[in-house]
Amino acid sequence: MIFTDITTRASVTKSMGMEEKPKKLVILYASQTGNAIDAAERVGREAERRGCPVSLLSIDDFDPSCLPEQEIVIFLVSTTGQGDNPDSIKVFWKFLLQRNLTQNWLSSVSYAVFGLGDSSYQKYNFVAKKLDKRLSDLGATAIVERGLGDDQHPSGYEGALDPWMPTLWKAIYQKNPKLFPKGPECMTSNTSLMDQPKVQITYHDVDEGALQFSSIPVATKQLKIADFKLLEMQIESTRFILPGKLSGKHPPDCFLKMVKNDPLSKADSGKDVRHFELEAISSSIEYEVGDVVHILPAQDAAAVDAFMKRCNLNPESYIRVEPRDNKENGQSHDLRNTLKVPIRLKTFVELAMDVASASPRRYFFEVMSYFATAEHEKERLQYFASPEGRDDLYEYNQKERRTVLEVLEDFPSVQMPFEWLVQLVPPLKTRAFSISSSHSVHPNQVHLTVSVVSWTTPYKRKRTGLCSSWLAGLDPQKRVLIPAWFQKGSLPSPPPSLPVIVVGPGTGCAPFRGFVEERALQSQSGPTAPLLFFFGCRNEENDFLYRDFWLFHSQKGGVLSEEKGGGFFAAFSRDQPQKIHVQHKMREQSVKIWNLLTEGAAVYVAGSANKMPSDVLLAFEEIVSKEGGVPKEAAARWLRALEKAGKYHVEAWS
């Protein structure tokens with residue numbers, strides 16, 4: 001599928017006496033993990049099938065000052081964390097908030113917003129909702145009610161996108177019938193588009209590729225600076241091919257090695273939680289408590305080999321990958337999205353294509369159907385790709401977390417060209433982890449607290465998390481390179497003078513281990529404000545993470561001691577018939593919490609995104625209402641004001 005860039009030279013065209021090209025349907029996406037770009041590409045494909053000229057761009061590639069010049073703009077935006085903007089929309093959003101923009105700045109613009117979120121989070125689809133409101137405030141007209149995709153829906157965001165799109169096409173047709181020459185229902189066959197993948201691949205002789213860009217093993221005893229630079233170049237160059245889909249597209253901030261891999265939970269507890277200590281070996285590292293580190297995991301070598309064999313790929317061939325649309329539209333190549341030098345095909349797959357962990361999208365099955373030679377396979381794939389087959393596809397694919405390799409093996413007659421595989425196989429993504437150490441205490445190390453992910457599917461298939469399982473299997477005695485990127489988290493580092501109330505059940509305690517380390521160090525050179533910590537787990541004996549660490553700092557004079565005005569309180573939910581969670585311990589300490597809040601304390605909450613953040617917020621509301629002597633509605637407003645003032649922070653994950 002070819003999507004052309006936005007034409008922004010209308011005034012120049014007119015001045016030259018040339019006929020102005022018809023306006024295009026502009027589709028802008030803001031994606032953090034890839035879902036929004038997948039949804040945007042699907043909207044673009046459906047529009048093109050109706051004969052509509054389309055411009056599809058990541059929102060950070062669009063000049064927001066050009067927004068008033070557009071006729072119809074479709075926004076597909078994700079919400080990350082607790083209502084946070086994806087990185088790609090931050091500049092655009094800041095531009096929209098300028099005070100000099102008038103109420104009729106976008107009066108000539110029509111728009112539609114589709115959000116991608118998760119209703120288990122408190123601020124469900126918050127980015128889509130606030131974007132919708134801001135566009136309306138600036139005079140733009142919504143041509144259709146915003147759509148809200150929900151990860152909790154049995155079919156994911158497509159459960160809302162499927163019924164939203166027909167309404168969108170009708171609204172666009174009413175606004176400008178010229179965009180759909182034969183009407184919103186008349187569609188061309190996708191068959192004519194199947195020879196147009198978005199990337200093109202050039203193959204090079206092995207000798208030529210080896211000379212320019214040799215492959216570097218990720219595990220070796222002796223590595224020189226030049227080796228690191230080569231590996232950095234491989235990672236950066238390879239991961240720039242699919243813009244908008246990958247975090248950490250620039251070179252890694254550093255390479256880490258595992259120096260400690262210790263279990264924190266008991267072997268028979270039903271959970272495997274690990275403490276990892278990683279050391280920088282290529283360059284120095286910098287971070288603050290509350291930051292996160294993104295890690296690029298290695299894929300299982302046997303799975304990569306099986307994928308190469310299944311797709312009849314020569315692992316030793318050297319390739320260059322570049323966007324097809326740039327060349328075909330007579331535009332200069334954007335070198336950022338092109339492999340600068342040939343790279344070994346197997347290395348490209350290892351670094352960029354998630355072949356044995358992520359599940360493919362619905363479009364993957366649609367494209368597969370065109371390359372299936374067995375009739376029964378073609379029919380099944382066509383059914384999966386249709387709206388009628390959406391639920392069955394979910395049962396087969398997403399619910400079972402079937403991988404690309406498994407799907408290809410289930411349809412042996414399909415032989416997809418490598419160009420389509422590069423475009424459609426989910427990208428290998430970095431995984432983000434809260435840092436559980438203080439850089440001041442461990443200058444060249446980063447510590448992580450990781451629950452090793454594993455589960456059983458409805459059909460009793462054992463699945464494991466790619467990155468957590470890979471980290472858990474690393475031997476500290478072996479020098480395995482771990483590419484890492486550091487990023488600001490949603491829990492800002494508190495100054496030593498700020499009283500802090502932290503709530504971190506389970507692995508949510510990770511960032512607060514760093515908080516305690518840092519404040520303990522600060523207390524050696526001057527006074528520090530109280531630190532009150534509420535921890536929770538299932539059993540005191542099985543999964544009391546960092547027990548000795550917390551208890552040590554809770555002793556007389558420690559930063560978690562009641563003598564210092566703080567405290568450490570643990571809730572063990574399954575050690576008694578009546579379940580006890582962190583919110584119960586909070587209510588028991590309501591006076592202490594209220595006193596700290598009135599002294600200007602900040603609140604930090606981290607852990608599971610399910611019910612925990614809302615249960616904790618409700619406990620705070622009850623405490624403020626009870627101890628402050630105000631109605632619960634007033635307590636809720638007081639806490640919202642605390643959040644707006646930057647003193648109530650939440651970091652939660654699914």
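Student: How many bridges join strand E1 to E2?

Tutor: This is a predicted model. In it, five bridges link strand E1 (residues 25-30) with E2, and the two strands run parallel. One of the pairs can be named: Leu28 has Leu57 of E2 as its bridge partner.

Student: Which helix belongs with E1 and E2 in a β-α-β unit?

Tutor: Helix H2 (residues 35-49) does; together with E1 and E2 it makes a β-α-β unit, and the unit is right-handed.

Student: Why is E2 described as largely enclosed by the rest of the structure?

Tutor: A residue counts as buried when its relative accessible area is under 20%. In E2 (residues 54-58), five of the five residues are buried, so the strand is largely enclosed by the rest of the structure. The side chains go both ways: Val54, Leu56 and Ser58 point one way, Ser55 and Leu57 the other way, and all are buried.

Student: Which residues touch the most other members of the largest nonpolar core?

Tutor: The general idea comes first. In soluble globular proteins, nonpolar side chains tend to be buried together. Here the largest nonpolar core has 40 residues, and Phe307, Met353, Phe364, Met416, Phe418 and Leu421 touch the most other members. Setting aside residues up to four places away in sequence, Met416 touches Phe364, Val367, Met368, Phe371, Leu408, Leu421 and Leu424. Another core, of 30 residues, lies apart from it and includes Ile37, Cys52, Phe114 and Ile172.

Student: On which side of helix H18 do the buried residues Phe549, Trp550 and His553 lie?

Tutor: In H18 (residues 547-554), Phe549, Trp550 and His553 are buried. They cover an arc of only 95 degrees around the axis, so they are on the same side of H18. The face turned away from that buried side carries the exposed residues Asp548 and Phe552. As for packing, the buried residues of H18 lie against H17, strand E19 (531-537) and strand E20 (567-572).

Student: Where does UniProt place the feature "binding site"?

Tutor: The unreviewed UniProt entry places it at Thr507, Ser573, Arg574 and Asp615. Thr507 is in the loop between strand E18 (500-503) and helix H17 (510-523), whereas Asp615 is in helix H21 (residues 612-628).

Student: Is Thr507 buried or exposed?

Tutor: Thr507 has 19% relative accessibility and therefore counts as buried. Apart from neighbours within four places in sequence, Thr507 is in contact with Val273, Thr449, Ser451, Leu545 and Trp653. Asp615, with a relative accessible area of 21%, is partly exposed.

Definitions and conventions
Residues numbered from 1 in each chain as written. Predicted model: local features only at pLDDT ≥ 70, side-chain atom pairs only at ≥ 80, totals over all residues. Heavy atoms only, no water. Buried < 20%, exposed > 50% of the residue type's maximum accessible area, 1.4 Å probe, protein only. Helix = DSSP H or I, 4+ residues; strand = E, 2+ residues; numbered from the N terminus. Pairing = 2+ DSSP bridges. Right-handed = clockwise from strand over helix to strand, strands pointing away. Core = buried A, V, L, I, M, F, W, Y, C linked by side-chain atoms within 4.5 Å. Contact = heavy atoms within 4.5 Å. UniProt positions renumbered as here; feature names shortened; annotations may be inferred. Arc of directions from axis to C-beta.
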